[in-house]
Amino acid sequence: MLSVRVLQQLVNGVSIGFIYALIAVGYSLIYSILRFSNFAHASFLVVGAYSGFFLVTAASAPFVPAVLLAMLTAGGAAVVTERLAYRPIRERNSPTLYFIIASMGIAIFCEQTIIATIGPKFRTYPRVLQIVSVDLGKTTVGIMDVVAALMACLSLSVMQYFLSRTKTGFAIQAASFDLQAAGLMGVNVNSLVGFVFLIAGVLAGLSGVFLGMKYAVYPQLGYLTTKAFVGAIFGGLGSLPGAIVGSIALGLLETFVAAFISSQLRDVVVFILLIAVLLIRPSGLMGKSVEEKV
Amino acid sequence: MAYFEGVAIIICVNLMGVLGVSLLTGFTGIFSFGHAAYMAIGAYTSAIVVGRFGMPFVVGLIAAALVATAASLIIGYPTLRLVGDYFAIAALGFGEATRLLLDNGGDFTGGPRGFVGVPRHTTLLIAAVIVAVGVLVMRNIIGSRFGRSFLAIREDRLAAEAMGIDTARFRILSLAISAAYAGVAGSMFAHYLMYLQPVMFDINKSTELASTVVFGGLGSLTGSVLACIILTAIPELFRPFYLWRMVFYGLALVSTIVLRPQGLLGSYEFSVAGLRRRLAGRRLAGSPSHRAAEGDAVRADAGPRGGARDGGGLP
């Protein structure tokens with residue numbers, strides 16, 4: 001009996017972990033290029049969740065095109081954000097503090113605008129996928145969880161292939177070492193940064209649709225990005241494989257804490273884990289060594 | 001009249017919180033989006049110490065400052081020694097964890113329904129006195145040799161280190177001082193409202209504090225104070241547009257940073273001596289020696305690296 005429950009939680013945990021990974025990878029990508037925590041990532045996710053929701057309900061679009069369109073909308077929002085807010089800061093060569101402040105402002109602005117216009121109400125996706133479940137011997141697993149994990153896996157693989165095999169991918173890798181030097185080597189920095197935001201936004205949009213389906217669509221949905229950020233730190237800040245591994249580990253941990261210890265204190269446990277990781281091994285599971293001052 | 005007194009007291013409470021954030025973000029260059037958590041910790045500590053155990057208000061204030069400082073060290077110690085955005089994320093998580101703990105605190109914190117029965121101690125006079133002391137202490141901290149280390153760290157951490165400043169220690173110290181201010185603000189707030197709820201200290205409160213500092217000018221106490229008075233009083237005038245208040249805060253945060261990063265006042269600081277000199281300077285058609293002699297006014301020319309275009313100052 002217990003093992004059935006464990007198996008179910010395992011699938012839940014991996015699935016939510018993959019959704020976090022979608023967020024964490026975009027976040028790490030931006031972090032490794034511009035060296036700041038893009039809190040506006042939450043906004044990209046929420047934009048994706050809402051546009052997916054309205055495409056499926058109001059425009060009654062079929063599921064797959066709706067998801068793709070939602071991803072593109074979120075990607076577009078990310079590119080516009082970069083162009084309007086971050087590029088001016090970048091061109092002035094301002095300290096990273098300015099990026100963080102601006103990104104938080106964008107996150108607040110986006111969330112509050114949604115509350116003021118669309119409303120603070122929780123909206124649930126029409127149940128297209130959740131009801132169907134797969135029988136695995138004694139246990140049933142929601143097909144939504146499986147689809148989410150598979151689609152997240154697919155998009156992460158495409159991104160990994162893109163980064164390691166294409167010319168633009170090499171440029172991004174170079175920029176993550178040194179943005180200025182990459183610019184001197186003839187990389188068009190503006191379009192490269194824009195492209196990185198497009199990728200991050202598209203992945204965040206996909207995660208937004210899945211989170212909306214799993215829980216509900218509401219203006220504060222973006223706060224879940226904080227967990228993905230913790231996942232990224234857990235895996236090693238700035239490392240893409242680390243972001244994926246850390247997110248899945250975090251997804252498993254919080255699912256098991258919620259199922260077997262306390263669902264209310266789940267986020268407190270996540271926070272305690274974060275502090276423990278930073279105290280014991282700040283470079284995370286797979287990160288490069290962190291410059292440490294004692 | 002009671003209404004205006006209430007607004008004035010809230011301005012004092014916010015001022016106390018903003019002063020702390022000003023030191024941390026404006027002068028040390030560390031961004032925190034969880035400062036409302038220290039306010040919450042201060043407020044609940046004081047409510048418990050004074051409301052439950054019947055201690056005098058002064059003990060509540062001191063306990064609030066101490067406990068908030070201790071809490072800040074939990075996240076400050078592991079994160080502020082590291083280079084990177086660890087602190088920003090930990091602070092965000094800390095704010096969330098604090099709210100959850102208060103929500104689930106049972107009878108001890110009153111849970112989500114709130115903590116009732118806090119005695120009222122914060123009058124306008126007391127609040128004003130506390131803020132005046134707070135401003136004076138902060139002004140002296142920042143103006144001292146010790147305080148200039150904070151500025152040095154904000155401008156260039158590596159150079160500050162090379163000058164012999166223990167940057168990790170000073171960054172943690174800056175957080176501790178600012179948390180103490182937030183704790184006192186929370187205590188004042190608790191003994192004014194007489195009841196507390198965890199939602200009062202959500203991320204919107206943290207946003208308010210941080211955007212006030214950015215809006216006033218990173219690196220200007222005068223700017224922070226001015227911005228706090230303006231930003232607390234204006235929403236009172238526009239109660240009907242309540243929903244759009246936070247939209248405005250978000251927008252103000254982004255557009256200030258993008259369009260006018262030096263904020264309202266840049267790094268200008270008001271001082272009586274400076275004002276007198278300015279008036280005298282106008283008569284003497286300003287010889288350079290006036291500016292050079294401006295030793296007592298806290299003056300960090302130019303805002304954060306490359307940020308301020310004109311080094312601030314009033315026209």
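Select α4(B) to begin: 16 of its 18 residues are buried, so that the helix is mostly covered. A residue is buried if 20 or more other C-beta atoms, placed from the backbone, lie within 10 Å of its own, exposed if 12 or fewer do, and partly exposed in between. Helix α4 of chain B runs over residues 86–103 and reaches 26 Å from its first C-alpha to its last, close to the 26 Å expected at 1.5 Å a residue; the expected span is 1.5 Å times one less than the number of residues. Helices (H or I, at least four residues) and strands (E, at least two) are DSSP runs, numbered from the N terminus.

The model is predicted: local features need pLDDT of at least 70 and side-chain atom pairs count only at pLDDT 80 or more, while totals for chains, interfaces and linings use all residues. Residues are numbered from 1 along each chain as its sequence is written, and chains are lettered from A and ligands numbered from 1 in the order in which they are written.

Next, display chain A as a whole. Chain A holds 11 helices and two strands, in the order α-α-α-α-β-β-α-α-α-α-α-α-α along the sequence. The radius of gyration of chain A, taken over C-alpha atoms, is 19 Å, close to the 19 Å that the globule rule gives for 294 residues, so chain A is as compact as a globular protein of that length. The globule rule is 2.2 Å times the number of residues to the power 0.38. Of the 294 residues of chain A, 51% count as buried.

Now select α9(A) and α10(A), residues 240–260. These helices pack at an angle of about 120°, with their axes 7 Å apart. Axes are lines fitted to C-alpha atoms, for helices over the stretch in contact, and angles run from 0 to 180 degrees between N-to-C directions. Among the residues that meet are Val230(A) and Phe234(A) in α9(A), and Val245(A) and Leu250(A) in α10(A). Two residues are in contact if their C-beta atoms, placed from the backbone, lie within 7 Å.

Finally, turn to the contact between the chains, which takes 43 residues from chain A and 44 residues from chain B. On the side of chain A, the elements that give two or more residues are α3 (63–91), α4 (96–117), α9 (225–235) and α11 (266–280). The largest share, 14 residues, comes from α4(A).
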